[in-house]
Amino acid sequence: MKNNKNQCTEFLKWALPQLGLRWEGYRRVKRQVCKRINARIAFLQLSGFGSYKEYLSKNPGEWTILDGMMHISISRFFRDHKSWELLGDSLLPELAARAVGENRPLRCWSVGCASGEEPYSLAILYHQILKNSFPSLDFQLIATDANTDLLQRAAKACYPAGNVKNVPAKWLQSSFNKTNGEYCLHDNMKNTVTFLRQDIREELPDEQFDLIFCKNLVGMYFATEIAIEVYNRIAEKIRHKGFLFTGNHEPVPIEKLSGMQIYNRGLNIFKKCDS
Ligand SMILES: C[S@@+](CC[C@H](N)C(=O)[O-])C[C@H]1O[C@@H](n2cnc3c(N)ncnc32)[C@H](O)[C@@H]1O
């Protein structure tokens with residue numbers, strides 16, 4: 001077994017750079033990806049990592065399948081709760097007031113949205129704290145992910161208790177129905193989010209956004225050069241004085257991002273300040 005673990009580590013250190021991904025990001029989650037790769041090796045009836053390498057060299061299409069196996073789906077509602085508090089208490093009302101004042105929609109985007117936990121947290125904030133104070137606000141929220149299985153789960157919007165444990169108790173009651181041990185989000189909140197399948201390395205939405213969430217994806221898993229390129233494309237999509245939220249523990253090469261300034265270092269929140 002130990003031998004298999006070591007072989008998988010060696011394999012990942014070899015394969016990840018070729019996919020434009022970084023080994024350091026996968027160190028903590030290697031068990032999850034090694035399990036998937038072992039299952040794939042068994043499915044292909046290969047003898048181990050050595051023959052899988054050979055298979056990859058003879059079947060270039062297999063790299064796309066391997067890339068898909070590298071999608072880490074861990075998420076939960078109101079992850080990094082201090083960022084959500086700051087958002088709900090001040091940033092979101094500030095952005096809403098500006099959008100209403102300028103007579104335009106408030107647009108938000110969740111990149112790498114997994115099974116919907118992140119965009120639906122934002123939908124809950126909108127319904128619970130913003131809607132009453134800004135009745136004329138046109139709130140638009142899109143969420144993208146490269147993984148269709150996760151997007152299908154997002155469309156169902158039903159979650160085990162562990163995923164909703166950070167939802168404040170009063171909102172858990174008023175936002176979810178408990179059915180067969182799962183928490184299912186109310187339809188009005190569910191319908192606030194538009195989901196799209198997009199690979200952030202290849203495609204971005206057309207609009208400009210007031211608020212972008214790109215958490216626990218680009219800085220965590222992408223190789224540095226690719227992360228800089230992707231973050232800069234994302235930064236171009238942010239309006240002047242808009243915000244980029246990244247994961248609290250994610251390395252972000254902020255000095256290489258054009259037009260972005262640190263807004264809150266500890267929470268890894270950045271603000272667009274066009275000169
Ligand atoms: C660790 S989850 C993060 C979920 C959520 N943002 C959070 O912080 O809780 C990373 C997500 O990014 C998605 N992902 C991975 N590579 C992607 C890519 N190239 N383009 C878009 N989404 C991607 C995965 O499918 C997964 O849902």
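**View 1. Residue classes in the shell around the ligand.** By class, the shell around the ligand comprises 7 nonpolar, 7 polar and 7 charged residues, where Ala, Val, Leu, Ile, Met, Phe, Trp, Tyr, Cys and Pro count as nonpolar, Asp, Glu, Lys and Arg as charged, and the others, Gly among them, as polar. The ligand is surrounded by 21 residues, a residue being near a molecule if its C-beta atom, placed from the backbone, lies within 6 Å of it; the closest are His 71, Ser 75, Gly 112, Ala 114 and Lys 215. The model is predicted, so local features need pLDDT of at least 70 and side-chain atom pairs count only at pLDDT 80 or more, whereas totals for chains, interfaces and linings use all residues. Residues are numbered from 1 along each chain as its sequence is written.

View 2. Domain 1 (2–69) and domain 2 (81–272) are given by the domain assignment of the protein, with bounds that come from an automatic or database assignment. Contacts (C-beta atoms, placed from the backbone, within 7 Å) link 6 residues of domain 1 with 5 residues of domain 2. On the side of domain 1 that touches domain 2, the residues divide into 3 nonpolar, 2 polar and 1 charged. The centres of the two domains, taken over C-alpha atoms, are separated by 31 Å.

**View 3. The surroundings of Leu 244.** Leu 244 is buried, with 26 other C-beta atoms within 10 Å (buried: 20 or more such atoms; exposed: 12 or fewer; partly exposed in between; C-beta atoms placed from the backbone). Leaving aside neighbours within four places in sequence, Leu 244 has contacts that include Ile 212, Cys 214, Met 260 and Phe 270.

Definitions and conventions
Contact = placed C-beta atoms within 7 Å.
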